[in-house]
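Keep the coordinates open while reading.

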Amino acid sequence: MREMDPSKHIPFDDSIQNKPDRRVHRPIRITFFLVLSILYTLGLVFYMDFYYSENESVIWDQNTAIEDVRNDALTEQYEAAKILMEEGIAKWDDLEYVEYSAKGSDGDEIAYFDEHYRIDNINDEFWYSNSDNVEICLGNEEGSTCELFTGFVRKDEKTYKYTEGEKQEVEPESFSSMADLTEVSAFVLDVLNRDNSGFDIDVNIVDGVYNPDDQPVKFVEINYYRKQTNNALSNIFKVYADVIYDKLSIEMIIDSEGNILEAKVPHVYSEMKLYFYSYNEPLEISLPDEE
């Protein structure tokens, strides 16, 4: 075998073998720049969406006069409906006695509620149950099909809680309900008097009769439809930023004396319906074990 001339031997450099390949880092740099580009694009989209929604230019054309007339008529109708509702709610502050029920949910099917109230503001007494079909039981007799009273009763300056037939005296603060009239009125008045420029509004006031006595009433309805922005991408992300209603509805049936007979109002993600059975008619408040 022929020997290689040492003078012609090319030395092997270990530093060349260990030198990193720049092509390995290329995907990382590309990914980094892509992420920056996406973030910049999203930021620009949200900025333009906010800027143009806050600074919409007014375009005057031949239809402007017609639109003004329509807006004026809607404003007048809205104010008329608003006054009817506000005056009906104001009567709640001066009630001596009231009996009503509340039904609804918060949007979760397991959170459905059905409550009944008898309130005596003169004697500071009330009777509350979580069902409008409560049948009082005096004992757990075998074969009994009645439903045990569950709720709260305030009588003779004492508050009692009833759970599965057991009575327990509690502090007045222990009582809470879904349809406290003070809280309901505060929410409705806030909706009626807020800045509604972000909503399209539909108003209906209709005269009719209310069963079972066919008494004359007004059916009053206000619907708020949230205006949609032109930017679909920003709308997707805004859903996760806050609780946003696409539609809010307030409906009331009001009698000739201005009393609210029925009302439908928003409640969390769903709605609540109120049914009033009597206004300022003395009520008998008694403990379940006395009935």
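A residue counts as buried when its relative accessible area is under 20%. The model is predicted. By that cut-off, strand 10, residues 260-267, is mostly covered, with seven of its eight residues buried.

Look next at the partners of strand 10. Strand 9, residues 247-255, runs antiparallel to strand 10, and four bridges join the two. Strands 9 and 10 form a hairpin with four residues between them. In that turn, G258 has a positive phi of about 90 degrees.

Strand 11 is the other partner to follow. Strand 10 and strand 11 pair over six bridges, in the antiparallel sense. H267 has S270, in strand 11, as its bridge partner. The hairpin of strands 10 and 11 has two residues between the strands. V268 takes a positive phi there, near 50 degrees.

Strand 11 spans residues 270-279 and also pairs with strand 1, antiparallel, over seven bridges. Strand 1 covers residues 97-104. Seven of the eight residues in strand 1 are buried, so this strand is mostly covered under the 20% cut-off.

Strand 1 has a further antiparallel partner. Eight bridges link strand 1 to strand 2, residues 113-120. Which residue of strand 2 does K103 stand opposite? K103 stands opposite D114. Towards strand 11, the bridge partner of K103 is K273.

In a regular strand, side chains alternate between the two faces of the sheet.

Methods. Residues numbered from 1 in each chain as written. Predicted model: local features only at pLDDT ≥ 70, side-chain atom pairs only at ≥ 80, totals over all residues. Heavy atoms only, no water. Buried < 20%, exposed > 50% of the residue type's maximum accessible area, 1.4 Å probe, protein only. Pairing = 2+ DSSP bridges.
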